[in-house]
Amino acid sequence: MENQRKKNERRNLIALTGATALLAVAANLAINALKTHFKNRNRKVVPGSNVQTNISASEILRLADNIVAKSKEIYDAVASVPLDKVTYANTILPLAELEAQQFPLIQSCAFPKLVSSSEDIRKASIEAERRIDAHISICSMREDVYRVIKAFTVRDDSMSSEVKRYVQYLVQDFERNGLNLTSTKREELQRLRAQIEELSVRYIRNLNDDSTVLLFNDMELAGLPPEFFKGLDIADSGKFKVLLRSHHVSAILELCKVGSTRKSVAESYGRRCEVNHSILEKLVQLRHKLARLLGYLNYAEYAVDRRMASSSAKVFEFLEKISGSLTESASKELSMLKELKINEEGEFAFGIEDLPYYVKKIKEEQCNLDFGVVKQYFPVSLVISGIFKICQDLFGLRFEEVIEAEVWHQDVQLFSVFDLSSGELLGYFYLDLYTREAKYGLTCVVALQNGSWINNTRQIPVALLISQLPKEVDGQPGLLRFSEVVNLLHEFGHVVHHTCNRATFARFSGLRLDPDFVEIPSMLLENWCYESSCLKLISGFHQDITRPIEDEICKSLKRWRSSFSALKLKQEILYCLFDQIIHSTENVDMNGLLKHLHSKVMVGLPMLEGINPASCFPRTAIGYEATCYSRIWSEVFAADIFATKFHDIMNQSAGIQFRNKVLAPGGAKDPLEILSDFLGREPSIQAFVDSKSHSL
């Protein structure tokens, strides 16, 4: 009996302990919930922002379904308007308000896949985006809505220029989906699009799946740093396995001292995925069919139609002018590079595969730069504060951190942007800068809320800058490579562009612009990375930040930027011309075209024998087809603006004028008109040409 009594007491004690533990857990949960409640209650409300920054996986999916339901409701309402009763208020305004209101909600669903540490949230974000995209695709094919908008364009002649531009874009969106075609032609258009997408994906998959391996011994890889070898496997023969991946290839072409190795790697890289040649030929044929179905002469005209360039003929003229202006400089560069190769390797012919190695070598000799030393002057926090200072002084802005704002990770900061003079709130931006697992790996800017001014209601812009920068560890600051500094300032140009937007319609807000134009402000801002006074603002020796970067290093960085750039730029132009020609001409012999362009553009430097660049040129397969020229276009006109308006580097008068005349309109005006108004003339290539011709 005594044993039984003890067992019962022990069982009761266990039960009591378990109940006590459960009560304790419940109490802790309640206390934590209460703390979280008060903490969130104390979070600052972000006036004017509709972005939801910290929602659960289930909330993301629920929000996506609500977005779809609300959108369908508005589209149904517009579609129900009798064609003889259409007005701005019942047709255009509801669509414009819907676009402005839903964009931040859509982005609230979509951006967590880039930044969330939770796999469940990332998966929900991807699924939500899929649902929303599927709905948007359905809306883009709604013939009933298209008919109502078309009826409005016929009935209303009193529209402002910005409303006309907005309505024109709405109509063009529908018509580029074939809504003005017969049902038979529309079905054909959808078939063509499906085939094009399938072939594009197959082209890229073939490149990604390529597992070609080259074997080299350590002597054949002379010049490569120790870190390079750490990433290589070793074959049974004892040789190093080199995969034909871009980072391996670029390292070998830039650093390997052995010419035969460089040539072997370049040839093998250029022969990859020969099956892709026929895929690209088929892709181009299908694109031409699609363009003709939509009323264009060829695919290049279709691709360029809504861009600043406006026509394929203007793209050709632009590329050929730039290429011709670089010929003299490129010829001088080639002569010097050939001489350098003879001195180092003897009487071996200089090939295109030698270009990266000898350009890097001669730039290092002429500029006397050690980028390892340069890196010591760029602690992350100092670079960020310096960029803030440059943009404040240049554009008349004030940045202020929003303390205790709700964010998705403790490293994230939110900033308000104010006009320096009036104190008006212009917008917000989040900085999610530091490296962590599962986060998007590249530096970029994401628009979270587009600015608009619809129906007398102001919606301010909100942006997000994502990066993977090194964080301070054990008191040691994270240091940036100079290329990362330039990239960061470039992306911050997009932040400024987005937050300074004053367009009426969300469609025309900061980053939703013509791709020929949207990069110009950011490329313009890169110039400040090469000016001594600005470099001193964003730098400080990591062990003593009161020591800014030395004047001699500043001069060397500026020389490095433009020295020996003509040949490499001509090589890029070659591929831009190839891309433009195959998309503007039927039945092109692609290999023959590349050989012809190579001898014409590359000042006699021949193409490698046996290679097939058309099979491994992903930009023209997907994403940049017929628009590869766009990066050079932006760089050229950014150079014109900088040379014309910013002789005095920190000229705030010019900066504010740029903000008001170029950044504020967004897409509400024609880009060429915007730049011409700011410059007082049409944009010119001359400043860019001069910068390259003076580089030797």
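Modeller: Val445 stands opposite Leu465 in strand 10. Strands here are DSSP runs of E with at least two residues, helices are runs of H or I with at least four residues, and both are numbered from the N terminus. The model is predicted, so local features need pLDDT of at least 70 and side-chain atom pairs count only at pLDDT 80 or more, whereas totals for chains, interfaces and linings use all residues. Residues are numbered from 1 along each chain as its sequence is written, and side-chain values use heavy atoms, with hydrogens and water left out.

Strand 7 and strand 10 (residues 462–469) run antiparallel and are joined by five bridges; two strands pair if DSSP finds at least two bridges between them. Strand 7 is mostly covered, as six of its six residues are buried. The term buried means under 20% relative accessible area, exposed means over 50%, and partly exposed lies in between, using a 1.4 Å probe and protein chains only.

These strands belong to an open sheet of five strands in the order 4-5-6-10-7, with mixed pairing. Strand 4 (397–401) and strand 7 (444–449) are at the edges with a single partner strand each, so one side of each has no neighbour in the sheet. Direction ignored, neighbouring strands of this sheet are turned by 25 degrees against each other on average; the axes are lines fitted to C-alpha atoms (for helices over the stretch in contact), and angles run from 0 to 180 degrees between N-to-C directions. Elsewhere in the sheet, strand 5 (residues 413–419) and strand 6 (residues 425–434) run antiparallel and are joined by six bridges. Phe415 stands opposite Phe429 in strand 6.

Charged pairs form the next topic. The side chains of Asp432 and Arg436 meet in a salt bridge, at 2.7 Å from N to O; the criterion is a side-chain nitrogen of Lys or Arg within 4 Å of a carboxyl oxygen of Asp or Glu. Asp432 is buried because its relative accessible area is 0%, and Arg436 also counts as buried, at 13%. A second salt bridge links Lys558 and Glu531, whose closest N and O atoms are 2.9 Å apart. Lys558 lies in helix 22 (residues 551–562), while Glu531 lies in the loop between helix 20 (520–526) and helix 21 (532–537), so this pair ties together parts 27 residues apart in sequence. Here Lys558 is partly exposed at 42% relative accessible area, whereas Glu531 is buried at 11%. Asp65, Glu127, Arg130 and Arg131 are linked in a network of salt bridges. The whole structure holds 40 salt bridges.

The model also contains an open sheet of three strands in the order 1-3-2, with antiparallel pairing. Its edge strands are strand 1 (213–216) and strand 2 (233–234), each of which pairs on one side only. Strand 1 pairs with strand 3 (residues 240–243) over four bridges, and Leu214 stands opposite Val242 in strand 3.

Among the helices, helix 14 (residues 312–345) bends by about 45 degrees at Thr327, the bend being the angle between axes fitted to the seven residues ending there and the seven starting there. Just after helix 14, Gly346 takes a positive phi of about 95 degrees.
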